[in-house]
Amino acid sequence: MTGVVDVGGGLRGIYGAGVFDYCLDHGIRFDYCIGVSAGSANIASYLGGQKGRNYRYYMEYAFRRQYMGLRNLFRTGSYLNLDYIYGELSKRGGEDPLDFETLRNSKGIMKIVALNARTGETIYFDKSDMAQDRYDALKASSCLPLACRPYFMDGIPCYDGGLADPVPVQKAFRDGCDKAAVILTKPRDELRTPERDARPARLLRRTYPKAAECLRLRWRKYNDGVALAKEYEKQGRALILAPDDCCGMRTLTKSRARMDRLYRKGYKDARALRDFL
């Protein structure tokens, strides 16, 4: 069974969008797809057979004030409007709907990573947790702490999957993959450091201490996940696809020129999949 892991990374996730568009152009199919945060949205469009859909979300819709911005934060407490992204835009009859019927009928297994904010446990959603116009699992996986209020799934407050299992390569192999492509959105040798998450973790501790501890340790989980992917790569069982640089992009950097460059890097780098698979 061949798998693909997309770690997301906010608007840097457009790199993965480029990888998947290449796959759709060249008939590359994966038996198993697992996505974190924006990576789960990339996979949804890929399994829906919708080339270019993710590109439009990054390059067009992300610049709308309804999508993200201080206006949303002041009005709702969330910088990202997940209901607009995965609801109003994505629903049947919406401006750019997800082809859920094709996704549901696709042969590929789909896993979506999120965090139980109350317990700190990892949640792995799948297709059965979604239905037509009910894409709450994608919202839960993409719910950035502090930038968003937690997203509730069946009474469970959820945060971004990057706090739980930021590079779920071990999950892919435990679920039966023989080989897996691992899509990173930062250079493969760029380690995550603890400083960036330390202050947000202290703020989050007031309301969700277990989630705060996961945020505090995210750097270690990410670095360990990348190191494991490299070990699998040495064995010929994994292929890491990662940009040689981030083009100046951070998680929520809005720059069409930079995002377009990152997308094109992903599309170009995906050529390595043909020999690997």
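In the predicted model, the largest nonpolar core comprises 98 residues. Within this core, the residues with the most contacts are Phe30, Tyr67, Met110, Phe125, Met130 and Leu273. The element that gives the most to the core is helix 1 (residues 14-25), which supplies 8 residues. For Tyr67, when residues up to four places away in sequence are not counted, the contacts are with Tyr57, Tyr61, Ala62, Asn72, Tyr79, Leu80, Asn81, Tyr84, Ile85 and Leu89.

A search of the whole structure for disulfides returned 0. Cys143 takes part in no disulfide, and the nearest cysteine sulfur, belonging to Cys148, lies 4.5 Å away; a disulfide would require the two sulfur atoms to be within 2.5 Å. Cys158 likewise is in no disulfide, the nearest cysteine sulfur being that of Cys143 at 8.2 Å. Cys143 is classed as buried because its relative accessibility is 0%. Cys158 is also classed as buried, because its relative accessibility is 0%.

The packing of two helices was also examined. The axes of helix 9 (residues 195-204) and helix 10 (residues 209-216) approach within 8 Å and cross at roughly 175°; helix 9 is therefore roughly antiparallel to helix 10. On the side of helix 9, the contact is formed by Asp197, Pro200, Ala201 and Leu204, while helix 10 contributes Pro209, Ala211, Ala212, Leu215 and Arg216. Sorted by class, the contact between helix 9 and helix 10 contains 7 nonpolar residues, 2 charged residues and no polar residues.

Technical notes
Residues numbered from 1 in each chain as written. Predicted model: local features only at pLDDT ≥ 70, side-chain atom pairs only at ≥ 80, totals over all residues. Heavy atoms only, no water. Core = buried A, V, L, I, M, F, W, Y, C linked by side-chain atoms within 4.5 Å. Buried < 20%, exposed > 50% of the residue type's maximum accessible area, 1.4 Å probe, protein only. Helix = DSSP H or I, 4+ residues; strand = E, 2+ residues; numbered from the N terminus. Contact = heavy atoms within 4.5 Å. Axes fitted to C-alpha atoms, helices over the stretch in contact; angles between N-to-C directions. Parallel < 35°, antiparallel > 145°, perpendicular 65-115°, else oblique. Nonpolar A, V, L, I, M, F, W, Y, C, P; charged D, E, K, R; others polar.
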